[in-house]
Amino acid sequence: MSGQLERCEREWHELEGEFQELQYKRHASQEEAELVQQMAANIKERQNVFFNMEAYLPKKNGLYLNLVLGNVNVTLLSNQAKFAYKDEYEKFKLYLTIILLLGAVACRFVLHYRVTDEVFNFLLVWYYCTLTIRESILISNGSRIKGWWVSHHYVSTFLSGVMLTWPNGLIYQKFRNQFLAFSIFQSCVQFLQYYYQRGCLYRLRALGERNHLDLTVEGFQSWMWRGLTFLLPFLFCGHFWQLYNAVTLFELSTHEECREWQVFVLALTFLILFLGNFLTTLKVVHAKLQKNRGKTKQL
């Protein structure tokens, strides 16, 4: 297996080098243009083969999985098992998003008790903790979720934990309704994302443009450009609501009645979430626009 992997990787790099060399030629003949297209298809095929072979190689668990599960082998040995686990992960996110939406609505409009708020915040902590564990297992099995969208759930876990420890009082009550309204909006947007992303991923997998272990995310990635750009206004609205939460909490932290450390920490955490989400989404959109502009110039 390792010999095949090395050979595949070597051929892939050779093809990629030749492909880039041909791309730099401005006045290519018809034969060269066809060769470029053929090489692009070969590179894509080699990438998929290389990725699939790599997914079956034994991997060490990351630090987080070692801390949570110990040195346990979490590699799934068949594509069917991997896809089934990924599908369970997607269903888990969808169902819990609906439950969290209902919980936030109930706490905001019906149940005005601190104990119900604590149950809701505990559910958030459990949800994000479970997501991080499941995502780590999927990454160990070849899923390509990475970057900020992985870190985002760790930050959200921390934020939910701090909310859970925030004692009831004047400052808490001043922020409570705003946080619950934000949670309602966020759950609605996440539901839309999961619902439409699953359909988009299914279509792209059928076309061979995405891997079977690619996941829905709580943000915007390049593959969503075709068909899911209508979600961008909702995403940016959610990002700026996070900024609004941060500003509100920073103001509350200067209130004369404020004695809780949670207020400033939550303000800082919401600010980190805003910066991470906003800048990552902006980077994806900018890169996609630049790529489309480059294609237009070539035509």
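Start by selecting Tyr 113: at 52% relative accessibility, this residue counts as exposed. (Exposed means over 50% relative accessible area, buried under 20%, partly exposed in between, with a 1.4 Å probe and protein chains only.) The model is predicted: local features need pLDDT of at least 70, side-chain atom pairs count only at pLDDT 80 or more, and totals for chains, interfaces and linings use all residues. Residues are numbered from 1 along each chain as its sequence is written, and side-chain values use heavy atoms, leaving out hydrogens and water.

**Stop 1**

Tyr 113 sits in the loop between α4 and α5. Areas come from the Shrake-Rupley method with a 1.4 Å probe.) Both α4 and α5 supply at least two residues of the patch.

**Stop 2: Arg 176**

Select Arg 176, in helix α7, residues 170-206. (Helices are DSSP runs of H or I, at least four residues; strands are runs of E, at least two.) Is Arg 176 buried or exposed? Arg 176 is buried, because its relative accessible area is 6%. Show its contacts, meaning heavy atoms within 4.5 Å. Arg 176 touches Tyr 113, along with Cys 107, Leu 111, His 112 and Asp 117, not counting residues up to four places away in sequence. With Asp 117 there is a side-chain to side-chain polar contact of 2.6 Å. (Polar contacts pair N or O atoms within 3.5 Å; within protein, one must be able to donate a hydrogen and the other to accept it, and residues adjacent in sequence count only if both atoms are side-chain atoms.)

**Stop 3: the core**

Next, select Trp 166 and Leu 249. They have the most contacts inside the largest nonpolar core, which has 39 residues. (Such a core is a set of buried Ala, Val, Leu, Ile, Met, Phe, Trp, Tyr and Cys residues joined through side-chain atoms within 4.5 Å.) Which helix gives the most to this core? Helix α7 does, with 8 residues. Leu 249 touches several residues, including Trp 166, Phe 175 and Phe 270.

**Last stop: the whole chain**

Zoom out. The protein chain has 9 helices and 0 strands. Of its 299 residues, 43% count as buried.
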